[in-house]
Amino acid sequence: MKQNIFLTVSCVIFFLLTACGNTPVSPDVPSNGKTSSSAPESGVTTASTLLQPQETTRSKTLVVYFSCTGTTETIANYAAEITNGDLYKIVPQEPYTQEDLAYYSNGRADQEQNNPAARPAISGSVENMEQYDTILLGYPIWHGQAPRIISTFLESYDFSGKTIIPFCTSHSSGIGSSASNLHAHCADSTQWRDGKRFGSATSKAEIEQWLKEISIVQ
Ligand SMILES: Cc1cc2nc3c(=O)[nH]c(=O)nc-3n(C[C@H](O)[C@H](O)[C@H](O)COP(=O)(O)O)c2cc1C
């Protein structure tokens, strides 16, 4: 009798163990996106495919620029190509006409630069700014400073913990205080790197050289 009970219990335990072992288990995906090693080999979602987006997200670069006559735009395009980063053009809600840009004419650009409170409106916005760690920020020098629309841009997002690397173009002025004067528009935890000024004849190779020097690319 005892033997029969033992045999029956053993069979039930064996059955339960076998049944559980064959139950298809969907891969456990913890909130950090990692799968356990039991993920099915044939599944479309593998540990590496799940990890990849997070890894690329962590070091994603955004090249942001404002440019009215194309000089800064060319450099920004080079930088985006070299870093494989996303590109965002700051587009003013009210485009600047040639007249607006005529400097020392007391035109629109002159007036904005003379008014520290000026915040020209931007058309559109960056989607998912959270995904970017590093922002290359390009602008033309206007009367020794960044155009006021750069202040509008910086005050529109939370750059806490992000790294911003400014660059500018000009006829002849250096980057001067134009970059350090932008710091006040961002959270204290924003990491500002030294900026650099480029002339209109700057080549893609020169931009690559700069990005290597500051360890943005290898
Ligand atoms: C309103 C205004 C002010 C400018 N001020 C300066 C300046 O102080 N120093 C300088 O070297 N160039 C100055 N420039 C020239 C621009 O910085 C230069 O042409 C720049 O490369 C233009 O960039 P973009 O083609 O991307 O708009 C000024 C241009 C404008 C429109």
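Guide: A residue is called buried when its relative accessible area is under 20%, exposed when it is over 50%, and partly exposed in between. By that criterion both F198 and W210 are buried. Please note that this is a predicted model.

Visitor: How many helices and strands does the protein have?

Guide: There are seven helices and eight strands in the protein. Of its 218 residues, 37% are buried. Among contacts between residues at least 6 apart in sequence, 74% join residues at least 24 apart.

Visitor: Back to F198 and W210, then. How are the two rings arranged?

Guide: Let me take the aromatic pairs in order. The structure holds ten of them. One is formed by F167 and W210, whose ring centres are 6.1 Å apart and whose planes stand at 65°, so the pair is edge-to-face. F167 belongs to strand β6 and W210 to helix α7, so this pair ties together parts that are 43 residues apart in sequence. F198 and W210 also form an edge-to-face pair, with 5.2 Å from centre to centre and 70° between the planes. That pair links strand β8, which holds F198, to helix α7, which holds W210, twelve residues apart.

Visitor: And F167, buried or exposed?

Guide: F167 counts as buried, because its relative accessibility is 0%. W210 has a relative accessibility of 4% and therefore counts as buried too.

Visitor: Which residues form a cluster through ring pairs?

Guide: Y88, F153, Y157 and F159 are linked into a cluster by ring pairs.

Visitor: Let us change topic. How long is helix α3?

Guide: Helix α3 covers residues 71-83, which makes 13 residues. From first C-alpha to last it reaches 19 Å, close to the 18 Å expected at 1.5 Å a residue.

Visitor: Which of its residues are buried?

Guide: The buried residues of α3 are T72, I75, A76, A79, A80, I82 and T83. Viewed down the axis of α3, these buried residues fall within an arc of 165°, so they line one face of the helix.

Visitor: Why would such a spacing give one face?

Guide: An α-helix has 3.6 residues a turn, so residues three or four places apart point the same way.

Visitor: What do the buried residues of α3 pack against?

Guide: Their partners are the strands β1 (61-65), β2 (86-89), β5 (134-140), β6 (163-169) and β8 (196-198), together with helix α7 (204-213).

Visitor: What happens just after α3?

Guide: N84 takes a positive phi of about 60° there.

Visitor: Now the charges. How many salt bridges are there?

Guide: The structure holds eight salt bridges. In one of them E81 pairs with K204, the closest N and O atoms being 2.7 Å apart. This pair links distant parts of the chain, with E81 in helix α3 and K204 in helix α7, 123 residues apart. K204 has a relative accessible area of 34%, so it is partly exposed.

Visitor: Which residues are joined into a salt-bridge network?

Guide: Salt bridges that share partners join E94, D100, R108 and E112 into one network. Within it, the side chains of R108 and E112 meet at 3.0 Å, N to O. Because R108 and E112 are four residues apart in helix α5 (residues 108-114), about one helical turn separates them. R108 is buried, and E112 is buried too.

Visitor: What else does R108 sit over?

Guide: The charged end of R108 sits over the ring of Y96, 3.6 Å from the ring centre.

Methods
Residues numbered from 1 in each chain as written. Predicted model: local features only at pLDDT ≥ 70, side-chain atom pairs only at ≥ 80, totals over all residues. Heavy atoms only, no water. Helix = DSSP H or I, 4+ residues; strand = E, 2+ residues; numbered from the N terminus. Expected span 1.5 Å × (residues − 1). Buried < 20%, exposed > 50% of the residue type's maximum accessible area, 1.4 Å probe, protein only. Arc of directions from axis to C-beta. Contact = heavy atoms within 4.5 Å. Phe/Tyr/Trp six-rings, centres within 6.5 Å; stacked < 30°, edge-to-face > 60°. Lys NZ or Arg CZ within 6 Å of the ring centre and 35° of its normal. Salt bridge = Lys/Arg side-chain N within 4 Å of Asp/Glu carboxyl O.
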